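Welcome! Take a moment to look over the sequence and turn the model around before reading on. The report below walks through it piece by piece.

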Amino acid sequence: MTRNYIPKVVTANRLREGDVVYQTADDRWSLLHAEAELIEDEAHAQMRLLHAAAQKLLVVGAYLADAKPGPNGPEPIHFREAFRTRGPSNYNHGKQADAKNV
Amino acid sequence: MYDYSDFDESFVRTRVAQFSDQVSRRLDGSLTEDEFRPLRLMNGLYLQLHAYMLRVAIPYGTINPRQMRQLAYIADTWDKGYGHFTTRQNIQFNWPKLPDVPAILSALADVEMHAIQTSGNCVRNVTADHFAGAAADEIEDPRPYAELLRQWSTDHPEFQFLPRKFKIAITGSPHDRAVTAAHDIGLRMTTRDGAPGFEVFVGGGLGRTPMIGHLVRDFLPVADLLPYVEAVLSVYNTLGRRDNKYKARIKITVFETGKEAITQMIEDRFAEVKPLFHGADQTLLTNIRAAFAQPDLVTKPTEAFDAFYKADPAFRAWADTNLSAHRQADHAIVTVSIKAHGETPGDATSHQMRVIADLAETFGYSELRISHEQNVILPHVHKSDLPAVHAALSLAGLGTANVGLLSDIIACPGMDYCALATARSIPVAQEIATHFEALKLEHEIGPLKIKISGCINACGHHHVGHIGILGLDRAGVENYQITLGGDGTERAAIGEKTGPGFAYDDIVPAIERILRAYLALRTHQEETFLDAFRRVGMAPFKAALYDGESAQDAA
């Protein structure tokens, strides 16, 4: 266990649609940040990132993003990641519009 | 306008076929993302924050109604019913899905359009004065030269892997509406002994190291355009820094080499290159010129305009702000504002695109331009038709009378879309526009250019805004830096930083403090914000911005 390690989630964009997705503990790609696996160990994070990056037919540009635990699951820390959970602020487009159909 | 030759047609169709195959191979796993990325970028396809984005070239901002309708069709069929006109006179679709992109490119090719060289380290879309071919102050229509440059630079084997991207802007008028001084090469038409030629500026650019272009040739005969531009590119291709992305633009090459030395190198290379041009370029230019022949402008009475102007205040307000002088006095240049208060700067719905296309056909000799200020231009409209044009535009939400005013804001997509952005720009633009609309101060303030970028790359041209706003990420929070006194015209200047930046919720009040200070200190109503800034300098605005703030903190 790394001391002072900021927990992470693995996030990427879907290859075909471009949607922002998060890797879950049971190896799905979810549109919902709260369903992401919250990774609190640095070595495990690297393993999970490698696992994600290997899924070349599903996702593009996988990376680790800082996150924190919340009542309903992991929550983003940085505002950029918060925007990625929703979509743009000028229209009701992207996941904020699509997520209700998930 | 220029119609594709068989060569152009075949080139674009071949590229669509190639890229379609590349997309298939990416989707079936034959290509990795690392292999695919440069291929998709060569075809204008980016992966942004929430989705893919396709950037479609509108060469020198010239587009016809049929093409505009096809953009509307693409928006409805494969995107979310709108498109975003950019500061590079391009259009971006924000929501294409990768498997659909070949079909979109094919639909573009059907109307002689493409997304080639809208990304990558090559010569990008050549931009031009958006009043080209119509402006009263124009020496010559710059678009034939822009088209010559487009044909020359497209797939040019020597310049496909430049140290960095390369942008050329051209104007045919002494009043520079094309921000030529902020481009890698800026071409301003001038005359000597009655013959047309260009002043050539090299090494301008915004981004993290903003620079105004250096004059390297005060008169370039028009016949020498291609060999001279080729010489500039050639010198840059040799000297440009490939070791450091942030020092790779020609502005840094000019800065590090020195203006005199690089000017000499360009002239030496020009002397080598010039004899290799045997006149084929001039034959081509002659043919291209014919394609840009001026429309036969009608002559009819203009009383209808005068009557409406007197009787209808809404029309009068629009005519005062959105019309510009046409070279034929009974016509006008119409700037269609894509900046309705509270809407996203540069976003047009498919319906609006079709309305504009219809108006261009009915009243505008089927001509349209896209401006780098993210508006659409009807370059030739007879004055008697303006009331009908205004009425149709108003019905479609396109009748806003704000061109050149505070709410005619340039804003990059910012962190609402762009993967590079460090903060949002669009909501800042929306809030500034609605805030001052509510205060009814916009017309009182008068001519003002506010330009907003969501990162240091400066797609929103904030450095040359009279008021520039730059969105940054300061310790995980959006923070907005203000610059004042920038100018993108022939009097080009880089704006000066006011001081510490402002939080998202404080940026609109900060802009209001600046503008209230301006209203209080201007000598008379005709003294614009920029003129006032040049007269009084930064101090009164700094005081307005920061003195009140510390008093508030102390309270």
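## A covered strand

How many of the six residues of strand E12 (residues 331-336) of chain B are buried? The answer is six of six, so to speak a strand that is mostly covered. Keep in mind as you look that this is a predicted model.

You can see the covering on both faces of E12(B). On one side sit His331(B), Ile333(B) and Thr335(B), and on the other Ala332(B), Val334(B) and Val336(B), every one of them buried.

## The partners of E12(B)

Strand E11 (residues 323-325) of chain B runs antiparallel to E12(B), and three bridges join the two. In one of these pairings, Ala325(B) has Ala332(B) as its bridge partner. E11(B) and E12(B) make a hairpin, with five residues between them.

E12(B) is also joined to strand E15 (residues 376-382) of chain B, by five bridges and again in the antiparallel sense. Here, look for Thr335(B), whose bridge partner in E15(B) is Ile377(B).

## A parallel pair

For a parallel pairing, find strand E6 (residues 127-128) of chain B and strand E7 of chain B, which are linked over two bridges. Ala128(B) has its bridge partner, Ile170(B), in E7(B).

Strand E7 (residues 168-171) of chain B is covered on both faces. Ile168(B) and Ile170(B) are buried on one side, while Ala169(B) and Thr171(B) are buried on the other.

## A helix and its surroundings

Now move to helix H3 (residues 65-78) of chain B, which has 14 residues. From its first C-alpha to its last it reaches 20 Å, close to the 20 Å expected at 1.5 Å a residue.

Which parts of chain B do the buried residues of H3(B) pack against? They meet strand E3 (62-63), strand E4 (82-85), strand E5 (91-93), helix H4 (101-109), helix H12 (350-363) and strand E14 (368-370) of chain B. The buried residues of H3(B) include Pro65(B), Met68(B), Leu71(B) and Ile74(B).

## The nonpolar core

The largest nonpolar core holds 167 residues, and Val232(B) and Ile356(B) touch the most other members. Helix H6 (residues 225-239) of chain B gives the largest share of this core, nine residues. Setting aside neighbours within four places in sequence, Val232(B) is in contact with Ile185(B), Val202(B) and Ile266(B).

## Chain B as a whole

Stepping back, chain B has 18 helices and 21 strands, and 52% of its 555 residues count as buried. Its C-alpha atoms fill a box of roughly 70 × 60 × 60 Å along the principal axes. A compact globule of 555 residues would have a radius of gyration near 24 Å, so the 23 Å of chain B agrees with that.

Contacts also reach along the sequence: among those in chain B between residues at least 6 apart, 67% join residues at least 24 apart.

## Chain A and the meeting of the chains

In chain A, five strands form an open sheet in the order E3-E2-E1-E4-E5, with antiparallel pairing. Strand E3 (29-30) and strand E5 (75-76) of chain A are the edge strands, each pairing on one side only. Two bridges join strand E2 (residues 20-23) of chain A to E3(A), and Tyr22(A) has Ser30(A) as its bridge partner.

Where the chains meet, 21 residues of chain A are in contact with 23 residues of chain B. On the chain A side, the largest share, four residues, comes from H2(A). That side divides into seven nonpolar, nine polar and five charged residues.

Notes: Residues are numbered from 1 along each chain as its sequence is written. Chains are lettered from A and ligands numbered from 1 in the order in which they are written. This is a predicted model: local features need pLDDT of at least 70, side-chain atom pairs count only at pLDDT 80 or more; totals for chains, interfaces and linings use all residues. Two residues are in contact if their C-beta atoms, placed from the backbone, lie within 7 Å. Ala, Val, Leu, Ile, Met, Phe, Trp, Tyr, Cys and Pro count as nonpolar, Asp, Glu, Lys and Arg as charged, and the others, Gly among them, as polar. A nonpolar core is a set of buried Ala, Val, Leu, Ile, Met, Phe, Trp, Tyr and Cys residues joined through C-beta atoms within 7 Å. A residue is buried if 20 or more other C-beta atoms lie within 10 Å of its own, exposed if 12 or fewer, and partly exposed in between; C-beta atoms are placed from the backbone. Two strands pair if DSSP finds at least two bridges between them. The expected span of a helix is 1.5 Å times one less than its number of residues. The radius of gyration is taken over C-alpha atoms; the globule rule is 2.2 Å times the number of residues to the power 0.38.
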